[in-house]
Amino acid sequence: MTSNPSKPLKQVHLAAHFPGVNNTTVWSDPASGSHIEFESFRRFAQSAERGLFDFMFLAEGLRLREQGGRIYDLDVVGRPDTFTVLAALAAVTDHLGLTGTINSTFNEPYEVARQFASLDHLSEGRAAWNVVTSWDAFTGENFRRGGYLPQDQRYERAQTFLDTAVELWDSWSPGDVVADKAGGRFLGSATAGAFSHHDAHFDIEGRFDVPRSPQGRPVIFQAGESEQGREFAAASADAIFSRYSQYDEGRAFYDDVKGRLAKYGRDRDELLILPAATFVLGDTDEEAAEAAREIRFQQVSPATAIKFLEQLWNTDLSDHDPDGPLPSFDPVESDVDGLIAQGRASVRQHRDRLEVAAQWRAKAEAENLTTRELIVEVTGRQAFVGTPRTVAETINRFVQDDVADGFILVPHITPSGLDPFVDTVVPILQELGVHRTAYDGTTLRENLGLAHPDHAAAKRATA
Ligand SMILES: Cc1cc2nc3c(=O)[nH]c(=O)nc-3n(C[C@H](O)[C@H](O)[C@H](O)COP(=O)(O)O)c2cc1C
């Protein structure tokens, strides 16, 4: 750890990501439960709350993914609606933040602002919104306008969508509901909820119908890694959900994004960086490493290995032997519309197919790996592997070294996979003095150490 006696110990923020059926989850394990039944969400959320986690996180997938024109049933099949799940969870938890991914491309600001304000009321100040833009026209086909917005305009819409939502939330002041029973007066202001927003994307005015919510505004997350995405986060988000859980890449991402805050008049601690992270625990570090290897092979079955290979090669490889070497020919080049895999964000990472294939070949040859072994190596990593103490100390070191401000844990078993972490790693983090022993506040903002947003209308009223 970089020791700097003048720097106070950072607290480690912890959250839990409820995974879909994909190569993170070992859905076929006998211990795995349903990814749709409420009981799974309830158990998962209550484990996170038992571990005094900041929040639970739901991703969004708005179309069944396809590969080669057929449903890709090993990848996120069926995700229930975020608001429905989070509202139900609000009733069975008391402190846990409830973070939902909702895209700004296929929705309207009025309805999304209304849903999040409602969730913030129902949960008494625990709502958070992960604003994503979604990247593919394939998903857009499910919606009224279809995949109508080019990639380069999605963040432009995201920014104005969020600005509009903020205007709607700010259209009510804290004192607007007086509910004076004796005097027979319910509203304290004639202008409550009034808004008028006109720009290139939204031409709306009227009255917003949900009073000011406990957090003023839900906590805003961003997930996306392009230049535009990073600027959007630096300008407007309270936290980033990233995929950079490894030391060097995490440090680089952290420095890059935190370095962008000053130009928006913001301090470095106004934006938290929280990467997704998997973990495997064992009684010894060796045992954990062995378990991690076994889990990787469960996550990447022979069928999944072929699907991943097809995503890079961009062609049907159903006859390829997963226990043999890589195909002898090169990947098929194509634009986005011609990709064999549809609906999977990670496919976009293969921006230069020939170059990635050359790297894979070099690695397979150097390490004498079969196709499946190679896919296991290149498609995922267990971020934290070891005894509970090793994992706790590593997580703490990463946070103190500014690789991240905390982690959003993704267990490979749903819903019980969080329990070993809560039972064994959390107590060591507490012992190290970097994880709470009781919730700090009542709202998610308080627990994340984020300020309550200034309320323009309230300030005007008291000026
Ligand atoms: C860690 C991470 C998680 C994401 N999760 C989702 C998601 O659940 N649903 C979704 O539609 N997009 C998700 N995205 C993609 C976002 O929609 C993002 O807007 C998209 O990648 C385009 O932005 P970019 O070009 O800045 O990456 C995620 C992206 C990242 C980096």
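Across which strands does helix α2 lie, and at about what angle does helix α2 run to β5? Helix α2 (residues 82–92) lies across β2 and β5 (97–103), and its direction is at about 170° to that of β5. This is a predicted model, in which local features need pLDDT of at least 70 and side-chain atom pairs count only at pLDDT 80 or more, while totals for chains, interfaces and linings use all residues. Residues are numbered from 1 along each chain as its sequence is written, and side-chain values use heavy atoms, with hydrogens and water left out.

**Barrel**

- Eight strands form a closed barrel in the order β1-β2-β5-β6-β11-β12-β13-β17, with parallel pairing, where strands are DSSP runs of E with at least two residues and helices are runs of H or I with at least four, numbered from the N terminus.
- From one strand to the next, the twist averages 30°.
- Strands β13 (residues 272–277) and β17 (residues 406–409) run parallel and are joined by two bridges, and two strands pair if DSSP finds at least two bridges between them.
- A276 has I408 in β17 as its bridge partner.

**Helix on the barrel**

- Helix α1 (residues 38–50) lies across β1 (13–17) and β2 (55–58), at about 145° to β2; contact means heavy atoms within 4.5 Å, and angles run from 0 to 180 degrees between N-to-C directions, with axes fitted to C-alpha atoms, for helices over the stretch in contact.

**Second largest pocket**

- α5 (151–169) and α6 (227–236) each supply at least two residues of the lining of the second largest pocket, and α5 gives the most, with four residues.
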